[in-house]
Amino acid sequence: MKYQKRKKALLLLEDGTIFFGKAVGEREGTSFGEVCFNTGMTGYQEIFTDPSYYGQLMVTTNAHIGNYGTHKDEIESDSIKIAGLICKNFSYNYSRPSADKSLLDFLNDNDLLAISDVDTRALVSYIRDNGAMNAVISTRVDEIDALKEELKAVPSMEGLELASKVSTKEPYFVGKEDAQYKIAALDIGIKKNILRNLEKRGALIKVFPYNTSKEEMAAWNPDGYFISNGPGDPEPLKDAIQTTKDILKTDKPLFGICLGHQVLALANGVSTYKMHHGHRGINHPILNLITGKGEITSQNHGFAVNREETEAHEELEVTHTHLNDGTVAGLKMKNKDVFSVQYHPEASPGPHDADYLFDQFFDAIKASAN
């Protein structure tokens, strides 16, 4: 269905810059969050439902969004997690035979505000030059002064704890009860595809809330531990950091992804920092310093681990580096089966370059069990 008379809309950045567009569909409203962009050509449904994007206004750099509809199996959580969508061309019709519904219906089902017809090339260039910042999208185009005042009240992503907003409230299981291995996963924003990758390698996973102690996780007697991805600043996650410190004393294998990577660094006394505009896309080049091989990876993070402190740490080793800016993309502990990566090996957006990391984790579990 095409909408000929759509409402005018705008994107207002916290520095006062305005980009104009139109509301997608018939929805009206206002939504606040940190504006960021993703360079992926596909995977918009996975992006929108990724808990790591909680509270962010997503700019898609691909010129067309919605052209292949949505599918019930292509979600990473139980609902849309972004705060709003900004795109250039929104496709009301879709052509994929296996799709369940249009992207418009999917957005409406999740009560999400989206705006299109925005000059996203200019917007992304602006974010790259000036950095990620809070913003608002709205159909209230005649109330700019009021929107500016409301935007001032939105907290900065730096120092913001969001894991509690997306984590499970109660522990739950994924996998078969008679699986060969048991993995305790700390959910600080976990994606469903991570659980699928662990399950298909022969694991029963018990997923625990973000503030679970090591004692409660260890009572299940797992063969290994996993610290998930997630949204927000890692430094306020005091419970997760302490739990990770306690897990390290058990000498059992531990694997961390994205926010879990940052939490592992903080548990070892290495600081993190907010990036200028972050890494978000499915085409980020990584160098594996152990094998010397390059990897094309999927990434989604606005914080990073301090490289100088990691390299100076007696018990840590940088294993992967981002080839665009030299940031730490992976680390391991020298005397333990503990490692982490800043990117998403479960995403496999075409290349399966990083899939081996799950096998590496299971190899460590098997060796520890024998």
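User: Contact means heavy atoms within 4.5 Å. Among contacts in the chain between residues at least 6 apart in sequence, what share joins residues at least 24 apart?
Analyst: It is 73% of those contacts. Keep in mind that this is a predicted model, where local features need pLDDT of at least 70 and side-chain atom pairs count only at pLDDT 80 or more, while totals for chains, interfaces and linings use all residues. Residues are numbered from 1 along each chain as its sequence is written, and side-chain values use heavy atoms, with hydrogens and water left out.

User: OK. How many helices and strands are there?
Analyst: The chain has 11 helices and 19 strands. Both are DSSP runs, numbered from the N terminus: helices are H or I with at least four residues, strands are E with at least two.

User: What does the radius of gyration say about the chain?
Analyst: The chain has 21 Å, which agrees with the value near 21 Å for a compact globule of 370 residues. The radius is taken over C-alpha atoms, and the globule rule is 2.2 Å times the number of residues to the power 0.38. Along its principal axes, the C-alpha trace spans about 65 × 45 × 40 Å.

User: How much of the chain counts as buried?
Analyst: Of the 370 residues, 56% do. Buried means under 20% relative accessible area, exposed means over 50%, and partly exposed is in between (1.4 Å probe, protein chains only).

User: New topic. Which domain does UniProt place at residues 7–138?
Analyst: An unreviewed UniProt entry puts "Carbamoyl-phosphate synthase small subunit N-terminal" there. UniProt positions follow the numbering used here, feature names are shortened, and annotations may be inferred rather than shown by experiment. In the model, residues 7–138 are 17% helix and 32% strand. The end C-alpha atoms of that stretch are 10 Å apart.

User: Strand β9 covers residues 133–138. Is Asn134 buried or exposed?
Analyst: Asn134 counts as buried, because its relative accessibility is 6%.

User: Let's go to helix α6. Which residues of α6 are buried?
Analyst: Asn193, Ile194, Leu195, Asn197 and Leu198.

User: What do they pack against?
Analyst: The buried residues of α6 pack against several elements, among them β10 (172–174), β11 (181–186), β12 (203–208) and α11 (356–369).

User: And Asn197, what does it touch?
Analyst: Not counting residues up to four places away in sequence, Asn197 touches Glu346, Asp355 and Phe358. Asn197 has 5% relative accessibility, so it counts as buried.

User: Where do Asp117 and Asp251 lie?
Analyst: Asp117 is in the loop between β8 (114–116) and α3 (120–130). Asp251 is in the loop between α8 (238–248) and β14 (254–257).

User: Is Asp251 buried or exposed?
Analyst: Asp251 is exposed, with a relative accessible area of 52%. Asp117 counts as partly exposed, at 33% relative accessibility.
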